[in-house]
Amino acid sequence: MQGLDRKGRPIVLLYGGRHKQAPLQDFKRFVVYCLDKICARMPSGQEKFVAIGDLQGWGYANSDIRGYLAALSILQDCYPERLGKLFLVHVPYIFMTAWKMVYPFIDNNTKKKDEDLKSTLLSDIDESQLPVTYGGQLALVPIQDC
């Protein structure tokens, strides 16, 4: 979680290619842990965050439909209105099979698609706050928990 969008919402980076399937209950606990950490680190007065879901390297081994639906349910039921915006980037073709199962559960406002990655991200995120990986100027620094 580094940088802020133009509305002052913190930016969270998610790397789908690093996801490995785990027992569903363990994954649910992990999702709640992450969302609690995100909410605890939000700037004062801010209640929403922006997520960039980078699916580069995502493949069959990372596919976890039950986990994705569980995470979506937790986000919608336990953290309502916390996700301000989600950008899916570097989406591989194989992802579309899994996406077709998750897509019906996504809110209509979320379903907008845009092909130009950098300009789409820059419409919501200042270049100084956008990670270098996506054409911005922000160098990411790994955050360690104490």
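Modeller: Gladly! Among what covers the buried residues of H4 are S2 and S3, where contact means heavy atoms within 4.5 Å. Helices (H or I, at least four residues) and strands (E, at least two) are DSSP runs, numbered from the N terminus. This is a predicted model, in which local features need pLDDT of at least 70 and side-chain atom pairs count only at pLDDT 80 or more, while totals for chains, interfaces and linings use all residues. Residues are numbered from 1 along each chain as its sequence is written, and side-chain values use heavy atoms, with hydrogens and water left out.

Colleague: Which residues of H4 are buried?

Modeller: Thr120, Leu121 and Asp124 are the buried ones. Buried means under 20% relative accessible area, exposed over 50%, and partly exposed in between (1.4 Å probe, protein chains only).

Colleague: What puts them on the same side of H4?

Modeller: Their arc around the axis is only 95 degrees, so they sit on the same side of H4. The arc is that of the directions from the helix axis to the C-beta atoms.

Colleague: Why is the pair of aspartate 126 and arginine 6 called a salt bridge?

Modeller: A salt bridge needs a side-chain nitrogen of Lys or Arg within 4 Å of a carboxyl oxygen of Asp or Glu. For aspartate 126 and arginine 6 the N to O distance is 3.6 Å, so the pair qualifies. Aspartate 126 lies in the segment after helix H4 (117-124) and arginine 6 in the segment before strand S1 (11-15), so this pair ties together parts 120 residues apart in sequence.

Colleague: How many salt bridges does the structure hold?

Modeller: There are five. One of them joins aspartate 26 and arginine 29 at 2.5 Å, N to O. These two are three residues apart in helix H1 (residues 24-40), which separates them by about one helical turn.
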